[in-house]
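Subject: Structure for your review

Dear colleague,

My notes on it follow.

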Number of protein chains: 2
Amino acid sequence: MNLERLANLLGMSKTTVSRALNGYPEVSERTRERVLQAARDNGYQANPMARSLALGRSNVFGIIYPLQPADLGDAMFLDVVAGMSAALEQEGKSLIIAPVSQAAELATYQQFVRGRRVDGLIVSRTQVQDERIAFLSKARFPFIAHGRTEHHAPYAWFDYDNAAGIGLAMQRLLGLGHRRLGLISAPLLLNFARQRKDAFVAAMADAGLALDTRYLIADTLDRRSGYQAMQQLLACQSRPTAVIVDNHLSGVGAVRALLDAGVRIGEEISVIVWGRMEDTLAGIAVSTIDQPDAARAGARMVQMLQALVEGTPAASLQELWQPALIEGATLGPPAS
Amino acid sequence: MNLERLANLLGMSKTTVSRALNGYPEVSERTRERVLQAARDNGYQANPMARSLALGRSNVFGIIYPLQPADLGDAMFLDVVAGMSAALEQEGKSLIIAPVSQAAELATYQQFVRGRRVDGLIVSRTQVQDERIAFLSKARFPFIAHGRTEHHAPYAWFDYDNAAGIGLAMQRLLGLGHRRLGLISAPLLLNFARQRKDAFVAAMADAGLALDTRYLIADTLDRRSGYQAMQQLLACQSRPTAVIVDNHLSGVGAVRALLDAGVRIGEEISVIVWGRMEDTLAGIAVSTIDQPDAARAGARMVQMLQALVEGTPAASLQELWQPALIEGATLGPPAS
DNA sequence: CTGAAAGCGCTAACAC
DNA sequence: GTGTTAGCGCTTTCAG
């Protein structure tokens, strides 16, 4: 069933039917009713291809998703995506995720831009230097960076305050009297990891504490590597008395490592993990730096993206949300 | 840059340029060269909307993905998806995942079918009674069921042999002398869970063993519920001496529960989990029923889907792969 | 081998 | 209020 057939069926012109369907005001109530009824009866739905072609936009937004890093597996990411699609559904728009091999990532961005297959993109997991953002900026294609990056021109982004989050954690740990602090980081190419580490280093300096580089471990982004990182810290001559883990998958591994090593968490070692912790950690309430409202954040991002598409300048679409420190049972004064 | 402009630039007609670009034979070599060169130079790429509209197909395949169940978080699923997109990339086609709220799932199927936004769909995580499959079948829309379902008419599906996998596990456990066997199942609405449980029950009967319903626990699909399920089994008067877990996320939780309870795995209790086990289980090699070649399976499924689109009858597109038992260090004869 | 023209299904000026 | 007509950018008869 297409517009023309539906129009003939009703004895009207395509125009009128189209107008009635799209809620234009200049159509009589009676006509509109009849059209809507007929559309329902015949299961009519506008062909999105044709519609997009005529309109120049698709009402579809996208995320290009390189498979491999285990972060579709990341529950936080899923919550955000859920928020996005729920928000879009309400407006009759939609979200698509294009899973691609890592090698094809940038090429896919180019395809999407040239082909205008979507009205805008969300760029997740930003890197310190991010060629995707450089590309989209240059192409003047609408996008929201989910996380900041180093880029001279203004661009639209949404992020949580990495420095503030680490600040909260450090303040608490230093307040408890810790002096030997460790940090387990994701790869430092990732912007959030970089910023969190910088904030850590800055806080140490502010506190007049020397940095022990043995306590700084990077490149952990999953359970296994988080587990190993904590083992490495435990093996140090004089262990750190408190450890911050900058991502929650590593956090699960790290806490697991403490449990398996029989370390009394919160007594021998204090731990704070960035990100909500998952189920089953033997019932331990891990202290976390939480990014509240993941779903709302997702909704906000698509809202920003739509504003961008409609012409709002990117410079005014930059939003920084505050994380919160949620105290669990993994904090205490240093042991010795 | 669009076709017309490119054609004008070259002083040719749109037709010729289109033909050259699409590899039609009736165009002279010299012309083709010039066209391809110009296309590259000007970064020309056909507008996919227009192309799809004219052609009646998009070369895009889809997966509609209800968010909530934590299975985008499922590493196995990701491996399969990776295989799919890699296979499609090679042919210049692509895969999209449409994440939707659970409430909107069926409506989205209808949209996709009516709008012909994709040439075909993969339906994952099939249920025993699956309305999505009923709908697609009736609408005669091309799809591959990833997992079987109860459906009278022939439909195209890809699956691993659930009965055979459980058979392997049971044979091994019974061979070791186990008589009190437990099964931790996903929700039995899911087809794989149903089939695996049926196979379990059948194997018990074949062995002349009575079924202890306390040992049958269902509705576990994540770490937490798997953990609880195992705790429940451990609390039984006379514990089972061997347990099969029918999905790997629950398996992680279940093994974790054993570790936390101080149960010696492989001695006090033997365990087999369906699905590859993740990292960090304190170095334990869990015995698994493995579905080998996830990526190849994904590739095969899109291949089947393309065949279907091109007219191969669904009845001849049904493929059953065999799982394998991979022995780890979690098996032994019953304790008592 | 190349081009003119029709058509995919829809929207949007521009009349009436 | 409603209809006519001209596109959106591409492919594909049908002529030459």
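The domain bounds used here come from an automatic or database domain assignment. On that basis, chain A consists of domain 1 (3-55), domain 2 (60-159 + 293-321) and domain 3 (162-291). The centres of domain 1 of chain A and domain 2 of chain A, taken over C-alpha atoms, are 33 Å apart.

As to conventions, this is a predicted model, in which local features need pLDDT of at least 70 and side-chain atom pairs count only at pLDDT 80 or more, while totals for chains, interfaces and linings use all residues. Residues are numbered from 1 along each chain as its sequence is written, chains are lettered from A and ligands numbered from 1 in the order in which they are written, and side-chain values use heavy atoms, with hydrogens and water left out.

Chain B is superposed on chain A by a rotation of 180° with 0.1 Å of shift along its axis, at an RMSD of 0.2 Å (least squares on the C-alpha atoms of residues with pLDDT of at least 70 in both copies). The two copies are therefore related as by a two-fold rotation axis. Of the interface residues of chain B, 100% are also interface residues in chain A, so the copies meet through the same surface (contact means heavy atoms within 4.5 Å).

Sugar and phosphate make up 59% of the atoms of DNA strand C that come within 4 Å of the protein. By class, this surface has 11 nonpolar, 10 polar and five charged residues.

For R19(B), a side-chain N or O atom is 2.8 Å from a base oxygen of DNA strand C.

Finally, chain A contains an open sheet of six strands with mixed pairing, in the order β7-β6-β8-β9-β10-β12 (strands pair if DSSP finds at least two bridges between them; strands are DSSP runs of E, at least two residues, numbered from the N terminus). β7 (216-217) and β12 (324-326) of chain A stand at the edges with a single partner strand each, so one side of each is left without a neighbour in the sheet. Strands β6 (residues 181-184) and β8 (residues 242-245) of chain A run parallel and are joined by four bridges; L181(A) has A242(A) as its bridge partner in β8(A).

Yours sincerely

How values were computed:
A residue is near a molecule or strand if one of its heavy atoms lies within 4 Å of it. A polar contact is a pair of N or O atoms within 3.5 Å; within protein, one must be able to donate a hydrogen and the other to accept it, and residues adjacent in sequence count only if both atoms are side-chain atoms. Ala, Val, Leu, Ile, Met, Phe, Trp, Tyr, Cys and Pro count as nonpolar, Asp, Glu, Lys and Arg as charged, and the others, Gly among them, as polar.
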